[in-house]
Amino acid sequence: MADAILDALGPVLTRWTMGGSAVPNAPAAWSDALGSDASEAELRLLALSGQLLGTMAIPEPTGEVRPLGDIPVLARPPLPDALRPRARRLLQQLREPSARRTLLDFLDARGWTLHPGDWMPRPGEDVPEVYAAWQDWAAASGSPSFASETLSAESWDSFGPAARHAAFTALRRQDPAQANALLVEKIAGEAPDHRVRLLEALAIGLSDADGPLLESLAGDRAPRVKALAAALMARLGHGQSGDENAAELAAFFLVQSKGLLRRTRAIVPQAMKTPAQRSRRSALLEALSFDAFAQALGLSSAELVGAWPWGNDALADSLFAAMAARSAGDAIVAAVAEALTTDAAIDPHALAQILPRLTPSQRRQAALRPLHAKASFAVVLTIAGGDGGIDDAIRTPAGTALLAALKAEDARQGDPASELLALGLLASRAAARQALEHLAEMGLIASDPRLDMLRLNAALEDRRPTE
Amino acid sequence: MAIDLTAVEQLATDQASLKAAAGLAKAGKWSGVGASQDGALIWGECAGSGANPYRVMADLRDLGNKCTCPSRKFPCKHVLALFWLHVEALLPFPAAETPEWVTEWLGRRRSTGSVPKLAAPASDKDLHAARIAEPEPVHDAKAASRREAASARRAEDTERTILEALEALEQWVRDQLRLGLAGFVDDVTARCRRIGARLVDGKAAALAGQVDELPARLLALPTGDRVRGATVELARLVLLARAFRAAPRDPELRRAVASAESRETLLADPAAPRVAAAWEVLSEQVRTRRDGLVSQTTWLLNLTEGPRFAMLLDFFPASAGRRASVFTPGEQFVGELLFYPARSPLRAVLLQREAAVVDGPPLDWPPASAPLEAALTAPLLAEPWAAERPILLPPGRIGFDRAGAPWWQPSQGTALLPLAGEAEGLLAGTELTRAAALWSGSRLELLATQTPWGRIGHG
């Protein structure tokens, strides 16, 4: 009955759209209800049609309605409900991606993930590997991925790009040889962006066994892949050597002897006469490998790290550190990190170049030196990231300075909020509790939102097995 | 953190504030009073004239304070009363976990770095004099009967004025049909404004508000759906006008056409149902209306017995600035609501909220109202002038049609309901075991959902 009337309403609506009386077109079933008075009948017809259309006629979708697949359950559990409001407040504060990354790393280090109701990564966003399944879910508009547990030549295509990268990285850590063999077979079929990311994972456990693969990529179509393969070759000590460029770069520097026995070598940069000279030197530092540079100067790579005139020229330091990060072996990279963090004044730009090459424990070591010198928590956070494992963090020069700043807060000595946040991201659970006790003694109230990170830290159980 | 009465006196902007505060410094006006563990913060909820209680909070260290009431006095009478309660220990302030809304306020204070200054001490303020209540007006039987007669006359006048305005409205609707709905859709804002003004003059303020919002509702529809939408909207106006003419004294219809009863009238009305139950705050909607008022709608779900939903509605001037939320979506509390009398009661005011929230684990949502088809249409048929009604949906999930538009799809059955707005992230990637939503007959607006991942709030 209702359907028949709905069909009959077509002409009524057409009439009203254009303007005029629709009573002559009214459904026959309603003629009694409309009555005989013309202007009254019009309103009655409107009331009846409107109510029918408003309650009984639900719009129809365009084509079939398809639900998306379920959001995958991650390898690590989401934060407990009780802690989510605090995490949401922190996410509000940490909108900038690199700052948010420190929080994600912190949770990852403790063995937790954010709740998908609070935050989900965008496809391609730089986030800890544990979130790869969500990125692929979002990228594939929720089509369920049937990824099996281990990555192999057969299962390669059943992985989404993010999950595949995460699985490849995991495989490389476990079994470098098998990862190499898999890449030999599969890399040619990947897009340049994915080739670069996969190749980057090869840096983990890089060995001479990877030589043939890297050589084969020296002729890759994509310049970025080519450059990365060459840099990885250089890390293995197979850089191009003795070429003219290296000699040209070496000519910008003098190697002198110093010390009592004249055994220590020191590099003295030549004065730059023109901006053109300067930019040529920069270009060469960006292009050459570390070993080639050392050779051209007549030094070993280790000697070169010790002889470099740190702190003279910030740009040169940064390019030099980048050169090491790109093309030097692990031992040299560690030496550069040490050289950069023993100094009282830390150059965050130079250090930032080297950090991606360090293991988490190396990063923590690199962070502890300045922490026990006099660097602020914010600076230490840029080195260690959201480490969440540093003990006794409040008993450091930075901790003392923070407590003093809070005591003198009315005098406005900068805003302690960022230091409190950094402390919360760095400290171990015990250290966070200890810091909260100190801060409570200072008169900070527990509900102070600046303590959110510390309180989250103190409340968050460490789910990772101790190393 | 001891403060004394002198400090409270100095805080007040004038004598009138103190006097008003004295009236509020009574245990019966307050609920949810508490203090932080370290005694630095105090807070409480004070019943005001609106549907929602005001949330009052203060920092005893520097007497910084905040209240959600729309008063432009700073501090307002509620804050003064809270201080008063604390100083004179008129109520216990049990130590408790600091509520989210207090923490939020504290965060905003910090970020702007403003430390509220103490008001300059004014002379001649005597708190105790202020506390002496005004003498009750003497009752005079003759005067009372005169007043009653006058008010009955006024009510009749008002009714006549409204009926004339409704006559004009019906004529206006006829004109729109005669001139064509295509033209109406094109010129909807200007045309509605004209008749809206006529309705305000005719003392049909609530109906005028509906007409004011009509263009926004209509233009939110896809272009192809607007003539149908216009038919539904105009029909709704006619239905309401006719219902009012049939029963002009009906409180529900009077509310929909003219204005709602005041809180006092409602409190005195024996027909207004009182419901004590456990409630969950589903969502809070804040909208700026065309007339410059901001409406704040809080949707509550009854987790125990009684009406399934409650709506707390307040208005305040947009010029009063952004108001802090009164409730946190997702929170559950035990409290007593007073419903405006209606065929299916929905709008209510909060009478009393127990200090302790629901003990133990959160209560589960009740099962969905079944069967779905009847649940969707029955409320709109019973109350044909309502633009939307809340509904509790059975298990389902969100799907997308070929055009990418989101639809709610039940796990069992075939009814597809089009969603208002976007659906992304977790909402689109999980089973919705329950969903509370507003159904307008053509669009579903989700308020909150339960999922295997927990509760998700919307809007």
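## Model and confidence

This is a predicted model, in which local features need pLDDT of at least 70, side-chain atom pairs count only at pLDDT 80 or more, and totals for chains, interfaces and linings use all residues. Residues are numbered from 1 along each chain as its sequence is written, while chains are lettered from A and ligands numbered from 1 in the order in which they are written.

The pLDDT, which is the predictor's confidence in each residue on a scale from 0 to 100, has a mean of 85 in chain B, where 90% of the residues reach 70 or more. Over residues 112–125 of chain B the pLDDT is below 50, although this stretch has 17 contacts in the model beyond near neighbours in sequence; two residues are in contact if their C-beta atoms, placed from the backbone, lie within 7 Å. Where pLDDT is low, the predicted coordinates should not be read in detail. For the complex, the predictor gives an ipTM of 0.75 and a pTM of 0.74.

## Domains of chain B

Chain B is divided into domain 1 (5–131), domain 2 (141–257), domain 3 (263–353) and domain 4 (372–457), with bounds that come from an automatic or database domain assignment. The centres of domain 3 and domain 4 of chain B, taken over C-alpha atoms, are separated by 22 Å, and the contact takes 10 residues from domain 3 of chain B and 10 residues from domain 4 of chain B.

## Interface between the chains

In the contact between the chains, 58 residues of chain B meet 44 residues of chain A. The largest share of the side of chain B that touches chain A comes from helix 10 (residues 226–246) of chain B, with 9 residues; helices (H or I, at least four residues) and strands (E, at least two) are DSSP runs, numbered from the N terminus.

Strand 1 (residues 66–67) of chain A and strand 11 (residues 396–400) of chain B run antiparallel and are joined by 2 bridges, where pairing requires that DSSP finds at least two bridges between two strands. In strand 11 of chain B, G399(B) stands opposite P67(A).

## A loop residue, D401(B)

D401(B) is found in the loop between strand 11 and strand 12 (406–410) of chain B. Why is D401(B) classed as partly exposed? D401(B) is partly exposed because 17 other C-beta atoms lie within 10 Å, whereas a residue is buried with 20 or more such atoms and exposed with 12 or fewer, C-beta atoms being placed from the backbone.

Leaving aside neighbours within four places in sequence, D401(B) is in contact with P61(A), T62(A), G63(A), V65(A) and W407(B).
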